[in-house]
Amino acid sequence: MNCDDLYTEFIPVLDAEPFNQDIWEQMVKFYDNGDYINALIVGRKALLSKGETKTKISDLAKEIITSQKEYMEEQIQSAIENSDYEAFETLHYYKEQGGYFRFSDEQEWMYQFLHGLQGEYAYFESTNSDIQLRIDGFNLEMEDKEYILHIEVIFPYDWIPEYSDLRLVYEGERIEEIRTGLIAITFDDSTCIKYESETGKQWEEKKEQRKEEKRQAEEKEKQEYLANEPKIGMTADEVRASNWGNPEKINKTTYEWGVTEQWCYPNYKYIYFKDGIVTAIQE
């Protein structure tokens with residue numbers, strides 16, 4: 001082949017936006033029928049899957065949400081009241097992804113609490129092979145029976161979930177102790193059985209870790225505070241930068257040989273200077 005010869009080869013156009021056509025059609029069908037929540041549920045499952053480019057599905061979800069924003073915010077509370085965890089979790093997912101609408105503080109707290117409860121539970125301090133409970137959404141499976149969970153909040157929503165005081169209720173019975181990953185069920189006001197999950201074990205470990213980190217931080221702060229006490233030989237600026245700070249009053253005396261100062265602090269504490277250098281400290 002000479003350099004002047006023209007060679008043409010056909011290269012097929014690649015699909016730049018592969019996505020699941022079935023998912024797309026389901027979303028469109030739900031959307032057209034006004035079933036916006038199910039459209040978003042289908043879309044969320046596709047967006048969470050791997051191996052696909054999902055811009056088109058994501059754009060449709062955004063269109064649904066932005067065109068029905070007020071309706072979506074109403075559905076958040078409806079999902080809680082109707083124990084519809086799938087809708088609740090789906091709405092929270094899109095809230096996190098795009099910030100298209102907001103959860104109230106109470107709704108956000110409720111989501112975080114319920115999300116933390118999900119999973120399988122074994123007898124407390126036993127292996128997870130001995131599973132007795134499963135929480136999936138608002139559903140509680142216990143001893144081959146299924147119950148719908150309802151949450152009763154005893155105090156306002158202004159506390160940290162791990163220290164909350166609330167009850168899970170099923171079929172009129174109460175779960176008397178509840179923390180993320182750790183629950184206790186009382187039968188006949190006498191028999192109490194505790195269960196925990198791997199999530200609960202991790203939560204307890206993190207709680208202890210947080211306690212230790214807090215203790216270490218407080219100890220470090222204390223040591224730094226003590227290390228910053230006024231000392232003989234400091235200048236006035238160094239004393240002001242110490243943990244004593246600025247004095248309430250300064251008594252200054254000028255002599256032939258120099259200047260002395262008495263810095264007065266609360267609780268009858270004093271620092272004495274000679275020519276700008278600390279010579280004595282009285283506590």
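Strand E12 and strand E13 (residues 269-274) run antiparallel and are joined by 6 bridges, strands being DSSP runs of E with at least two residues, helices runs of H or I with at least four, and both numbered from the N terminus; two strands count as paired if DSSP finds at least two bridges between them. This is a predicted model, in which local features need pLDDT of at least 70 and side-chain atom pairs count only at pLDDT 80 or more, while totals for chains, interfaces and linings use all residues. Residues are numbered from 1 along each chain as its sequence is written, and side-chain values use heavy atoms, with hydrogens and water left out.

- A hairpin of 2 residues connects E11 to E12, and Tyr255 is placed opposite Gly258 in E12.

- Helix H2 is mostly covered, with 10 of its 13 residues buried; buried means under 20% relative accessible area, exposed means over 50%, and partly exposed lies in between, for a 1.4 Å probe and protein chains only.
- The buried residues of H2 include Ile37, Leu40, Ile41, Val42 and Leu47, and Arg44 is among them.
- The cover over the buried residues of H2 includes helix H1 (21-32), helix H3 (55-67), H4 and H5, contact being heavy atoms within 4.5 Å.

**Aromatic pairs**

- The structure holds 11 aromatic pairs, counted for rings of Phe, Tyr and Trp (its six-membered ring) with centres within 6.5 Å, where planes under 30 degrees apart are stacked, those over 60 are edge-to-face and the rest are tilted.
- Tyr36 is buried at a relative accessible area of 16%, whereas Tyr71 is partly exposed at 29% relative accessibility.
- The rings of Tyr85 and Phe138 are also edge-to-face, because their planes stand at 75° with the centres 6.4 Å apart.
- Tyr85 lies in helix H5 (residues 85-98) and Phe138 in the loop between strand E2 (131-136) and strand E3 (139-142), so this pair ties together parts that are 53 residues apart in sequence.
- Both Tyr85 and Phe138 are buried.
- A single aromatic cluster is made up of Tyr31, Tyr36 and Tyr71.

**Charges over rings**

- The charged end of Lys269 sits over the ring of Trp244, 4.2 Å from its centre, the criterion being NZ of Lys or CZ of Arg within 6 Å of the ring centre and within 35 degrees of the ring normal.
- Lys194 lies over the face of Phe124, at 5.7 Å from the ring centre.

**Salt bridges**

- The structure holds 6 salt bridges, each defined by a side-chain nitrogen of Lys or Arg within 4 Å of a carboxyl oxygen of Asp or Glu.
- Glu86 forms one with Lys45, the closest N and O atoms being 3.4 Å apart.
- That pair links distant parts of the chain, Glu86 being in helix H5 and Lys45 in helix H2, 41 residues apart, and Glu86 is partly exposed at 38% relative accessibility.
- Lys95 and Glu108 meet through their side chains in a salt bridge of 3.0 Å, N to O.
- Lys95 lies in helix H5 and Glu108 in helix H6 (residues 105-117), so the pair ties together parts 13 residues apart in sequence.
- Lys95 is buried, with a relative accessible area of 15%, and a network of salt bridges links Lys95, Glu96 and Glu108.
- The side chains of Glu120 and Arg134 form a salt bridge at 3.6 Å, N to O.
- This pair links Glu120 in strand E1 (residues 119-123) with Arg134 in strand E2, 14 residues apart.
- Glu120 is partly exposed at 39% relative accessibility, and Arg134 is partly exposed at 31%.
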